[in-house]
Amino acid sequence: NVAGCGKCRKGSVTGLWPEPERIAVDPNGPVFLHCCKDCGTYWEFALRAANPISRNKAKENFPQAFE
């Protein structure tokens, strides 16, 4: 589900946890991979933006989270 559920969409905007949960960090910059436990949507968080991304894009950008 690339759009996310209501719970993780709200968390991505407000910064309220636990959803979506942080599961990886890009060592080259302040970019984080989060994943919603409810719907399975992956989110790429930067300092001022959060965007849902596909599982394939998450694996490409954060391979360490899928080892």
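What is the mean pLDDT of the protein, and what share of its residues reach 70 or more? Some notes for a first look follow.

1. The mean pLDDT (the predictor's confidence in each residue, from 0 to 100) is 87, and 90% of the residues reach 70 or more. This is a predicted model, where local features need pLDDT of at least 70 and side-chain atom pairs count only at pLDDT 80 or more, while totals for chains, interfaces and linings use all residues. Residues are numbered from 1 along each chain as its sequence is written, and side-chain values use heavy atoms, with hydrogens and water left out.

2. Confidence is highest in helix 2 (residues 55–61), at a mean of 95, and lowest in strand 1 (residues 21–26), at 86. Helices (H or I, at least four residues) and strands (E, at least two) are DSSP runs, numbered from the N terminus.

3. Now the inside. The largest nonpolar core is made of A24, L33, C35, Y42, I53, A58 and F62, seven residues. A core here is a set of buried Ala, Val, Leu, Ile, Met, Phe, Trp, Tyr and Cys residues joined through side-chain atoms within 4.5 Å; buried means under 20% relative accessible area, exposed over 50%, partly exposed in between (1.4 Å probe, protein chains only). Apart from that core lies another, of six residues, including C5, F32, C36 and W43.

4. Take a look at A58: leaving out residues up to four places away in sequence, A58 touches L33, Y42, I53, P63 and F66. Contact means heavy atoms within 4.5 Å.

5. H34 sits in strand 2 (residues 31–35) and counts as buried, at 0% relative accessibility. The H34 side chain reaches the backbone nitrogen of R22 at 3.4 Å.

6. There are three salt bridges, each a side-chain nitrogen of Lys or Arg within 4 Å of a carboxyl oxygen of Asp or Glu. In one, D38 pairs with K7, with the closest N and O atoms 3.4 Å apart. D38 is in the loop between strand 2 and strand 3 (42–45) and K7 in helix 1 (residues 6–14), so the pair ties together parts 31 residues apart in sequence.

7. E21 and K37 also meet in a salt bridge, at 3.6 Å from N to O. With E21 in strand 1 and K37 in the loop between strand 2 and strand 3, the pair ties together parts 16 residues apart in sequence. K37 is exposed at 61% relative accessibility.

8. K57 and E60 form a salt bridge too, their closest N and O atoms 3.5 Å apart. Because they are three residues apart in helix 2, about one helical turn separates K57 and E60.

Conventions:
Polar contact = N/O pair within 3.5 Å; in protein donor to acceptor, adjacent residues only side chain to side chain.
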